[in-house]
Amino acid sequence: MNDSLKPVVDWLRARNPALGEIPADLDLIENRIVDSLAFMEFILFLEDLVGRELSVTELSADQFRTLHAIEENFLAGEGSR
Amino acid sequence: MTDDTEFRQLLERLSARASSDYYNPYTTFDWPAELPEDEPWFSPELLSVHGTEYAERLTPDQLRALGRGESINFYSLNVHGIRELLIEVMRRIHTPGFEIPSEFFHHFIGEENEHMWFFATFCLKYGGRIFPEKRLKLSVPADDPVRENFLVFARILLFEQIVDHYNVRLAADERLHPTIRQLNRIHHQDESRHIAFGARLVQLLWQRLLETGPDEDDRRAIGRYLAGYLSASIGSLYNPAVYRDAGIPDGLAFRKRLLDHPARRAEHRRVLRKSTDFLRRIGVPEA
Ligand SMILES: [Fe+2]
Ligand SMILES: [Fe+2]
């Protein structure tokens, strides 16, 4: 797993202490790793991490669905910096 | 549904009032070219820092900037909340199970469309933007429509009650610009009908849900979900981007300090009192 994802994984683990390894393609929403009510906290955390504003719509939710998608959409390049 | 005579009478009264109170929103408001920045846009008592030591550490300029930001954030939340409730009501109007409220739904949908317009107009005209949506609103295929119907209208009602808490105070605040007071006063007038309607509908939908025989755990899970919805709604009033724009560093950490602050927690209970009282009254278990 890319280092850039570590803070994201840590955040998810802190809220789901029973969680083991999170596969990069696991659907975080469907599997309620982040439920709909905690989602705003997750977005605010991601915004803080990537340093720019994010927006969530029903049509854009897939961008946040898996660790892989989060890395590709928001963290690309950060790991190599 | 049990005896619906009383519900029908309420709907008739509310529909009649909606017709007689009808106004053309597109000609009702005075929209000055700009709102003075040396006056408050939001009541100081409604600011997310109110009652904490942080309010005292901010300069008057920062407090006014915070008020502008929190006002645009509040109306932006309305825009996004209305989008969700319009989608959900549209999915149900004139469908089985909603024969009785459908006539009133027409008033509701029409009025909410107009509310969305005036809130969006305010944001764009005076704030230059609508703050983006942060909450996930997925229309999931309902595996239990009775439960889903209850939750949808419960969310709408709780959202309207929270907004109304602010509308009433902003409308009455003589320190604020007439346009700001007017916007909040007019919204409150329409919402008082929506809230009277919603309270009755949600109570009926809860009874319908109880008739399906949910066990203690199911009912507790619903209570927990709604308590979570209320705290997420409160959380959406604390926007790190607004803190940043007011020159407050590290908005996310600042937000967390405020959300955990005893004075703020007491304030949250006050803002939510009508909602928690309502849920208790109809018998939704507390989380
Ligand atoms: Fe409204
Ligand atoms: Fe409403």
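Predicted model: local features only at pLDDT ≥ 70, side-chain atom pairs only at ≥ 80, totals over all residues.
A residue counts as buried when its relative accessible area is under 20%, computed with a 1.4 Å probe on the protein chains only.

**Helix α2 of chain A**

Helix α2(A) spans residues 39-50. Its twelve residues reach 16 Å from the first C-alpha to the last, close to the 16 Å expected at 1.5 Å a residue. The buried residues of this helix are A:F39, A:M40, A:F42, A:I43, A:L44, A:F45, A:L46, A:E47 and A:V50. Because nine of the twelve residues are buried, α2(A) is largely enclosed by the rest of the structure. The cover over these buried residues comes from both chains: it includes α1 (6-15) and α3 (67-75) of chain A, together with α8 (216-235), α9 (240-245) and α10 (251-260) of chain B. Just after the helix, A:G51 adopts a positive phi of about 70 degrees.

| Ion | Protein donors | Donor distances | Sequence spacing |
|---|---|---|---|
| Iron ion (ligand 1) | B:E112 (OE), B:H115 (ND1), B:H187 (NE2), B:E191 (OE) | 2.2 to 2.4 Å | E-x2-H-x71-H-x3-E |
| Iron ion (ligand 2) | B:E112 (OE), B:E160 (OE), B:E191 (OE), B:E191 (OE), B:H194 (ND1) | 1.8 to 2.3 Å | E-x47-E-x30-E-x2-H |

At the iron ion (ligand 1), the angles among the four donor atoms run from 84 to 155 degrees, and the site is irregular. For four donors to count as tetrahedral, all angles must lie between 85 and 135 degrees. B:E112 bridges the iron ion (ligand 1) and the iron ion (ligand 2), which are 3.3 Å apart. B:H115 belongs to helix α5 (residues 102-127) of chain B and B:H187 to helix α7 of chain B, so this pair ties together parts that are 72 residues apart in sequence. Both B:H115 and B:H187 are buried.

The iron ion (ligand 2) has B:E160 and B:H194 among its donors. B:E160 lies in helix α6 (residues 145-172) of chain B and B:H194 in helix α7 (residues 178-211) of chain B; the pair therefore ties together parts that are 34 residues apart in sequence. B:E160 and B:H194 are likewise buried.

**B:R8 in helix α1 of chain B**

B:R8 is a residue of helix α1 (residues 5-20) of chain B. With a relative accessible area of 41%, B:R8 is partly exposed. The C-alpha atom of B:R8 is 6.9 Å from that of B:I100, although the two residues are 92 residues apart along the chain.

How values were computed
Residues numbered from 1 in each chain as written. Chains lettered and ligands numbered in written order. Heavy atoms only, no water. Donors = N, O, S within 2.8 Å, 3.2 Å for Na, K, Ca; no water. Helix = DSSP H or I, 4+ residues; strand = E, 2+ residues; numbered from the N terminus. Buried < 20%, exposed > 50% of the residue type's maximum accessible area, 1.4 Å probe, protein only. Expected span 1.5 Å × (residues − 1). Contact = heavy atoms within 4.5 Å. Tetrahedral: all angles 85-135°; square planar, octahedral: opposite > 155°, others 65-115°.
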